[in-house]
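I opened my notebook to write down what I looked up in this structure, one topic at a time.

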Amino acid sequence: MKKILLLLALCIACAASLQVKDALPRKYKIGDRETLYLQLKFLLLFKNACPDEDRQFLASFKLEQELLQNPHLPKECVDEEWLQKGELFSVHNQKHLQQAIVLFKFFYYAKTVEDLYKFAIWSQDMVNERMWSYALSVALVHRPDTFGIIIPAIYEMQPHLFFNSEVMQSVEKLAESCVISQTKDSGRIVKDDKLNRYTNLDREQLLTYFTEDVGLNSFYYMYHIFYPWWMDGKEFGLAADHRGEFFYYVMAQSVARYNAERLSIGLDEVTAIDFNSPLDFGYYPGLRYANGVEFPSRPEGVCLKDSTGNALSRRSNYTNAYSRLLDFALRIRNVIDLGRAYTAGNIYGKEVDGLEILSNLLEGNPNSSELPYYGTLQIYARRLIGYAPEPLNRDKVIPAAMEHYETTLRDPASWRFFKWLLNFYDDYYKHVEPYTQKELEYPGVAIKSIDADEIDTRFEYFNSDLSQYYSIGAHDVDISIQQKRLISSPWLYNISVTSSKDQGALVKVFLGPKHDRYGQVLDIKENTDKFYVIDHFVHNLKKGSNLIARKLNDDVAETDRTNYKNLIERVREALHHKKELVIHGSEAYWTFPGRLTFPRGTTCGMKFQLYAIIVPLPKIEQALDVNKGVYRRVGTGRHSGLTLRFPLDRKIGKSFFVPNSYIADVIIRHDAKGAL
């Protein structure tokens, strides 16, 4: 198991950007039988299909005895009235979250993997299905002895959160006919045509191919599995992970990528949400929960300050959401303006990480300074924007799309909310000095040119396999949902570099727009927020001329999640020595879908800009140590000592353009005939 942890850590330690490439291997092999058996057991468990012999212990299982043997297990498990099966679960419901945390700790503090497996079987029959899946997923990625275990794709485990109700109704009819006839009915495909739905209400729906992409929403969900906002950084080792900076980085990268997509189809860039004015668009999710309840909708023209979430109700989780949101926002803005936060002190000093402090305040995680005072701003905002109806009782909630990480990005208001949060960072960086020439330059290194091929994009059919979700006894019902998903062809670019000596280097490449929607040239000095990282790697420079040849998205299809049916077959084949199990590192991690690295572009070709910079190879801050828990440092991006968006996180000064940086144009062309 330790071997797989080390290989996985090396594979994905630098995989924090939207599509980071590095000099380390991107694939790894699972060869030891212990890990393979463990992987198979948990795959079957997520399907609620563990072998009968693994359930025999239940006849003599006594929770009280387990608690006596392991004092770290939460005692609340004994008298907890768990959320019933079939009820709607949301981590933004206080009662649900409290129970999910108790269940997570029950899994996390199990002494051995065998105990964890046993506890997971015992609890699966007792608690709400989605709460169980959520708590177990978080435990698997945070325990040192299970990090690397592949969790099935969330859109296959919870298809109702990813596919519209009319599509799911067609799927359920097919599955029902298979149950009645007791046949597998293999190879049935239901098509989901996003551009031919019953509702086409406004211009925002033009982007559903992006905002409803199963890979994009799965990425956002998995990010929050690895970095839950409620998780105590000290207790679970997240404090050293720079979790706050990740909160900022994921938003900044995602919004820049989203704006590039909007530009490709002729829309303005996203603007910050205004909580005091009516929203000029509505949102009708078109989703239906597995129990038949429809997702709440938000009509056009809604003024969020009048939301029912503001009512003083004992049934509400977040009463007075509007006033509390504004209070928290004002207090955090005061921190930015005054340069000080309670107990955290100065946020602009050279010896403090002001970005980390501010991000923790905005996320409202336990690493936040004086959490009761600065509050959980984003949680109140999600409740307010979601516009869900007030429940009759706490257990009968109907969460809105904003209240699930699996569905947040589907709501156009979520992107406006992210932009609103990013405005806090804009204000913060007004107080931070630009990078100096010394911080930016690499003496003796100069980029002479960048030669980039044209980037080609198209739509391609993709099947989401639901055989895990639907089954007849021990047999799967072979049903898939077919959608068109954006993808780009393999792309080549070359960087011509000169170096005064042999030396290591870190190379970062950003992509951003060349013009706005009106054809005006965009100066990078004023538009750094529109650029996002597309490549990030280490390279050994030789004295003299160097040609760095890079190829992106050559394995883009391999970065898609392996469906459950194929994954479990491959694990079984490896166990029987029929074939090695070689998987991509992204299978067991949170990474932005490689197929969405580049925006759509236009059929005539749209011009974008590449910004590249080469900096000295930084010293590694922390060594990877399996025995201390690789997961705590995986993906932090801080081994380099640089911020994740360096050098485009700060405002640009006079010394920005150094010889070791370069800007070049690149064309992105869309093939409208793809996936016909």
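**Burial of a helix.** I began with the term I needed: a residue counts as buried when its relative accessible area is under 20%, as exposed when it is over 50%, and as partly exposed in between, with a 1.4 Å probe and protein chains only. I also noted that helices (H or I, at least four residues) and strands (E, at least two) are DSSP runs numbered from the N terminus. This is a predicted model, in which local features need pLDDT of at least 70 and side-chain atom pairs count only at pLDDT 80 or more, while totals for chains, interfaces and linings use all residues. Residues are numbered from 1 along each chain as its sequence is written, and side-chain values use heavy atoms, with hydrogens and water left out.

With these terms I turned to helix α14 (residues 354–363), where ten of the ten residues are buried, so the helix is largely enclosed by the rest of the structure. Among the buried residues of α14 I listed Gly354, Glu356, Asn360 and Glu363. Just after α14, I found that Gly364 takes a positive phi of about 75°.

**Salt bridges.** For this entry I wrote down that a salt bridge is a side-chain nitrogen of Lys or Arg within 4 Å of a carboxyl oxygen of Asp or Glu. How many salt bridges does the structure hold? I noted 27 of them, and I followed some in detail.

In one, the side chains of Glu172 and Arg288 meet at 3.1 Å, N to O. This pair links distant parts of the chain, with Glu172 in helix α8 (residues 165–181) and Arg288 in the loop between α12 and α13 (321–338), 116 residues apart. Glu172 is partly exposed, with a relative accessible area of 26%, whereas Arg288 is buried at 14%.

Another salt bridge joins the side chains of Lys419 and Asp529, at 3.5 Å from N to O. Lys419 lies in helix α17 (residues 412–429) and Asp529 in the loop between β11 (503–513) and β12 (532–541), so this pair ties together parts that are 110 residues apart in sequence. I wrote down Lys419 as buried, with a relative accessible area of 13%, and Asp529 as partly exposed, with 32%.

I also looked up Asp535 and Arg550, whose side chains meet in a salt bridge of 3.0 Å, N to O. Asp535 lies in strand β12 and Arg550 in strand β13 (residues 544–552), so the pair ties together parts that are 15 residues apart in sequence. Is Asp535 buried or exposed? Asp535 is buried, because its relative accessible area is 0%, and Arg550 also counts as buried, at 16%.

Finally for this topic, I recorded a network of salt bridges that links Asp213, Arg458, Glu460, Arg485, Asp560 and Arg595.

**Aromatic pairs.** A pair of aromatic rings is described by the distance of the centres and the angle of the planes. The rule I used is that rings of Phe, Tyr and Trp (its six-membered ring) pair if their centres lie within 6.5 Å, where planes under 30 degrees apart count as stacked, over 60 as edge-to-face and the rest as tilted. By this rule the count comes to 48 aromatic pairs. In one of them, the ring centres of Tyr227 and Phe246 are 5.2 Å apart and the planes are at 35°, so the pair is tilted. Tyr227 lies in the loop between α10 (214–226) and α11 (233–236) and Phe246 in helix α12 (residues 243–264), so the pair ties together parts that are 19 residues apart in sequence. Tyr227 is buried at 2% relative accessible area, and Phe246 counts as buried at 0%.

I then compared this with Trp491 and Tyr493, which form a stacked pair, 4.8 Å centre to centre with 25° between the planes. Trp491 is buried, with a relative accessible area of 1%, and Tyr493 counts as buried at 1% relative accessibility.

**A contact across the chain.** My last entry concerns Leu575, which is found in helix α19 (residues 564–575) and is buried, with a relative accessible area of 5%. The C-alpha atoms of Leu575 and Tyr37 are separated by 7.5 Å, although these residues are 538 residues apart along the chain.
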